[in-house]
Amino acid sequence: MGSFIPDIEVPFLFLFFSGVLPDHFLLHSLIGAVTIGTIISIFVTVYLYPILTSLLFHLDKVKIKEICRFSPSLALSCMLGNLFHIFLDIPMHPFNPVLWPFVDPYNIVGILVLIFTKEGDTILGFLYARIMANILMTTIMGILLTVIIVKNKENRGERLLIGKFYSNSKT
Ligand SMILES: [Zn+2]
């Protein structure tokens, strides 16, 4: 959940602050990720995730609530998810608010964008960087998903949505 939360600001910023603010801002900064991003992630994990997974995937709500109850390791996990997300975003974006408000987001240009920028066209560089990053991430995630599916003949859905704790807690 932590690695998902930073992007909830993208549609919001795009719809309400288009032309005023970039579509990555507070939740893609270190300060935002370890404060607001982490708090939102904890809230969603503890209160919404058990409801959604039990409604959509028919998992045992009581068991998921127990697994998703607040703990220091859950808070740390949520914070790390937020941080990994913003670090993963840096190479493929033409601006990065990671050090906002200390460094202007437009002064941090992703390395992939620079590599793919030809004749100063950063928009085209951004497009190629996104495509390359998407291919790379889809390949890595696809391999990991295949491993999980092959290794877990039972409780695949639970394993994907909750992790190993769900199947362990069943015994
Ligand atoms: Zn992002």
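Reader: Which residues make up the largest nonpolar core?
Author: This is a predicted model. In it, the largest nonpolar core has seven residues: Met92, Val109, Leu112, Val113, Phe116, Phe126 and Ala129.

Reader: Which helices each supply at least two residues of this core?
Author: Helix H5 (111–116) and helix H6 (122–151). H5 gives the most, with three residues.

Reader: What does phenylalanine 126 touch?
Author: Phenylalanine 126 touches Pro94 and Val113, leaving aside residues up to four places away in sequence.

Reader: And which residues does the second core include?
Author: That core is separate and has six residues, among them Ala33, Ile40, Ile86 and Val98. In general, nonpolar side chains of soluble globular proteins tend to be buried together.

Reader: New topic. Where is leucine 80 found?
Author: In helix H4, which covers residues 72–89.

Reader: Why does leucine 80 count as partly exposed?
Author: Because leucine 80 has 16 C-beta neighbours inside 10 Å. Buried would take 20 or more, and exposed 12 or fewer.

Reader: How far apart are leucine 80 and isoleucine 39?
Author: They are 41 residues apart in sequence. In space it is 12 Å, C-alpha to C-alpha.

Reader: Zoom out. How many helices and strands does the protein have?
Author: Eight helices and zero strands.

Reader: What does the C-alpha trace span?
Author: About 60 × 35 × 25 Å along its principal axes.

Reader: How many residues of the protein count as buried?
Author: Of the 171 residues, 26%.

Reader: And what share of contacts comes from residues 24 or more positions apart?
Author: They account for 50% of the contacts with a separation of 6 or more.

Conventions
Residues are numbered from 1 along each chain as its sequence is written. This is a predicted model: local features need pLDDT of at least 70, side-chain atom pairs count only at pLDDT 80 or more; totals for chains, interfaces and linings use all residues. A nonpolar core is a set of buried Ala, Val, Leu, Ile, Met, Phe, Trp, Tyr and Cys residues joined through C-beta atoms within 7 Å. Helices (H or I, at least four residues) and strands (E, at least two) are DSSP runs, numbered from the N terminus. Two residues are in contact if their C-beta atoms, placed from the backbone, lie within 7 Å.
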